[in-house]
Amino acid sequence: MRGRYVDASSMYKRGASRDYINADDKEESSVHFLNGKDVGNPPWRRSLPHVLVATLSSFLFGYHLGVVNETLESISLDLGFSGNTLAEGLVVSTCLGGAFVGCLFSGWIADGVGHRRAFQLCALPMIIGASMSATTKSLWGMLLGRLFVGTGMGLGPPVAALYVAEVSPAFVRGTFGSFTQIATCLGLMGALFIGFPAKEIVGRWRMCFWVSTVPAAVLALSMEFCAESPHWLFKRGRGVEAEAVFENLLGGLHVKSAMAELSRSDGGDDNDTVKLSELFNGRHFKVVFIGSTLFALQQLSGINAVFYFSSTVFKSFGVPSDLANICVGIANLLGSLIATILMDKLGRKVLLLGSFSGMAVSMGLEVIAASSFASGSGALYLSVGGMLLFVFTFALGAGPVPGLLLSEIFPGRIRAKAMAFCMAVHWVINFFVGLLFLRLLEQIGARVLYTIFGAFCLLAVFFVKSNVLETKGKSLQEIEIALLPLE
C-alpha cells in the first residue's frame, strides 16, 4: 500500500516526465469537452462551506480590532488609566504587536502543519487571550491578554487568504476572497453593537471579550470537518490525498485538469525548505516587493485609525459615537458587498485603482473640513461624509483585494512564507498607526495628518497602475507561470 501511495503521488511531479505533462494537456482538454460537450466551471457550492468556516478567522480578526472602540473608555476607568492616551494606545497596539509575531510565523506554521491545523492554532490564543482580558484587574493583565489575542489575529488572515484561494474554483475566487472582508466587517459591527451598553453598564466590557471565545471555539472544532488545502497536500508529496480533496471540492470531471495544473507549477517540484533569503533575491523579489508595498500603502492610507478611534474622532465634532460607528460599519459592509459582486467582473486592478482614488478624494474632504474654509455645520458634514466615503471606498478594493491578490500572485512554493512576510509589514505599520494616531492628531493637527494619508492614497494609485497584474479568472498555476516563466 505504501509503495502504491508513493507511486501515485510522485507521478504528478512536474519533473517526472515531459511526456506526462503533454498527456495532462490532452486530459485537460478532454475534461472541458467530455463527449463533445463543454462541462463548464466546477460547482462552487462544494467549496463554499469550507470557505465560510475559514472566514470565521476573519470575523474574529474584525471583532478584536473593534472590541476596544466603544469599550476603551470603560476599560480605562475600571483599570485606572483614564486620560492616559499612551496607555489607551497600548491597549490597541499591543494586540497589533502580537499580530506581528503571529503573522511572522504563520507561513512556517501553515507549511509545517497544514492549513486546517493552522486555523486551530489561530483560535487557541484568541480563546486564552480573550479570557485573560475579560478577567483582568490591571492594565498589565489587559495588555498580556491583548498580546495573546494578537498572535491569533496575526496567524489567521494570511492563512485564510491562502486557504480560500487554494480551495476556490478560479471563476469565483475573487468573490470567495471577498468573503473574508465581509466577515471582518461583520466582526467590527458585532463588536460595536455588543459594546454600545458598555458605557452605561458597569463591567459590560468584560462580556464583550467573553463573547469572542464562542466563534473561536467554533472555528477550532469546525476545521476538523473541513478539507485540507490540496496545494499543501501536493507540496508535501501526498498526491493521492490532494486528488481526493479536489474531487470533493471540484467534482470528478475537474480533478485531472486541476492536478495537471499543479504539476506544471512550482508546487510539486520538491519539498525542500524555503529560505527567507529566497524572498528577497532572484526571480521572487518582484512579487514580494509588490505584495509588501501594497500592504504598506494600505495601512499608510490611515484606514485603521478610523476603525480604532472613530468614536474619539467623531466625538470631537459633536457626533454621538454610537451613531457614528454604526454608520462606519454600514459603509464598510456595503462597500464589501459591492466588491464581492464586482471582484470577478471588473477585476482586482480596477477595484484597487478606484478604491485608492476614492480614498484620496475622501481625505481631501477631511482636509477641507479641518481648514478655515469650512466652519459650523459645513465642517461637520464634510468631515463625517468624507470619513464614511473613505471607509466605503476602502471596502471596495483596498480592503479585500491585497490579501486575495497576494495569495494569487505568489508561487505555490513560497506562497505561505511570502504572505507571512507581507502581512508582517502590514502589522508593523498598523502597530505604529494605532500607537501614534491620537498623539499625532494632538501635535500636528487633523489637516496635516489627513493630508499625509491622502498623499499615500495617491501614491498607491500610481503604484498599482505600474506594478499590479490582473488575475481575474486565471488559475493559480496560470498566474504563477505568467509571472515566473519556467526555466
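This is a predicted model: local features need pLDDT of at least 70, side-chain atom pairs count only at pLDDT 80 or more; totals for chains, interfaces and linings use all residues.
## Overall composition

The chain contains 22 helices and two strands. Of its 487 residues, 58% count as buried.

Helix 8, spanning residues 173–195, illustrates an element that is mostly covered, since 20 of its 23 residues are buried. From its first C-alpha to its last, helix 8 reaches 34 Å, which is close to the 33 Å expected at 1.5 Å a residue.

Helix 6 comprises residues 115–135.

| Helix pair | Axis separation | Angle between axes |
|---|---|---|
| Helix 4 (residues 56–79) and helix 6 | within 11 Å | roughly 30 degrees |
| Helix 6 and helix 7 (residues 139–167) | 7 Å | about 155 degrees |
| Helix 6 and helix 9 (residues 204–211) | 8 Å | about 170 degrees |

The axes of helix 4 and helix 6 cross at roughly 30 degrees, and helix 4 is therefore roughly parallel to helix 6, the cut-off for that class being under 35 degrees. The crossing of this pair is left-handed. On the side of helix 4, the contact is made by S57, L60 and H64, and on the side of helix 6 by F119, C122, M126 and A130. By residue class, this contact divides into five nonpolar and two polar residues, with no charged residue.

For helix 6 and helix 7, the packing angle is about 155 degrees. This value lies over the limit of 145 degrees, so helix 6 is roughly antiparallel to helix 7. Helix 6 passes helix 7 in a left-handed crossing. The residues of their contact comprise 19 nonpolar, seven polar and two charged.

Helix 6 and helix 9 pack at about 170 degrees. Because an angle over 145 degrees counts as roughly antiparallel, helix 6 has that relation to helix 9. The residues that meet are A130, S131, S133, A134 and T135 from helix 6 and W205, R206, F209 and W210 from helix 9. Their division is five nonpolar, three polar and one charged.

Which residues surround S133, leaving aside its neighbours within four places in sequence? The contacts of S133 are M142, G145, R146, W205, R206 and F209.

Is H115 buried or exposed? Its relative accessible area is 3%, so H115 is buried. Leaving aside neighbours within four places in sequence, H115 is in contact with A110, V159, L162, Y163, E166, E228, S229 and W232.

V218 lies in helix 10, which covers residues 213–222. With a relative accessible area of 38%, V218 is partly exposed. V218 and A123 are 95 residues apart in sequence, and their C-alpha atoms are 8.9 Å apart.

I452 is located in helix 21, residues 445–467. I452 has 36% relative accessibility and so counts as partly exposed. A separation of 10.0 Å divides the C-alpha atoms of I452 and V367, which are 85 residues apart along the chain.

K472 is found in the loop between helix 21 and helix 22 (476–483). At 32% relative accessibility, K472 counts as partly exposed. Where does K472 make contacts, once its neighbours within four places in sequence are left aside? Its partners are M343, D344, K345, L346, G347 and R348. For one of these, L346, the C-alpha separation from K472 is 8.1 Å, while the two residues are 126 apart along the chain.

Definitions and conventions: Residues are numbered from 1 along each chain as its sequence is written. Side-chain values use heavy atoms; hydrogens and water are left out. Helices (H or I, at least four residues) and strands (E, at least two) are DSSP runs, numbered from the N terminus. Contact means heavy atoms within 4.5 Å. Buried means under 20% relative accessible area, exposed over 50%, partly exposed in between (1.4 Å probe, protein chains only). Axes are lines fitted to C-alpha atoms, for helices over the stretch in contact, and angles run from 0 to 180 degrees between N-to-C directions. Angles under 35 degrees count as roughly parallel, over 145 as roughly antiparallel, 65 to 115 as roughly perpendicular and the rest as oblique. A crossing is left-handed if the near helix is turned anticlockwise from the far one by less than a right angle, and right-handed if clockwise. Ala, Val, Leu, Ile, Met, Phe, Trp, Tyr, Cys and Pro count as nonpolar, Asp, Glu, Lys and Arg as charged, and the others, Gly among them, as polar. The expected span of a helix is 1.5 Å times one less than its number of residues.
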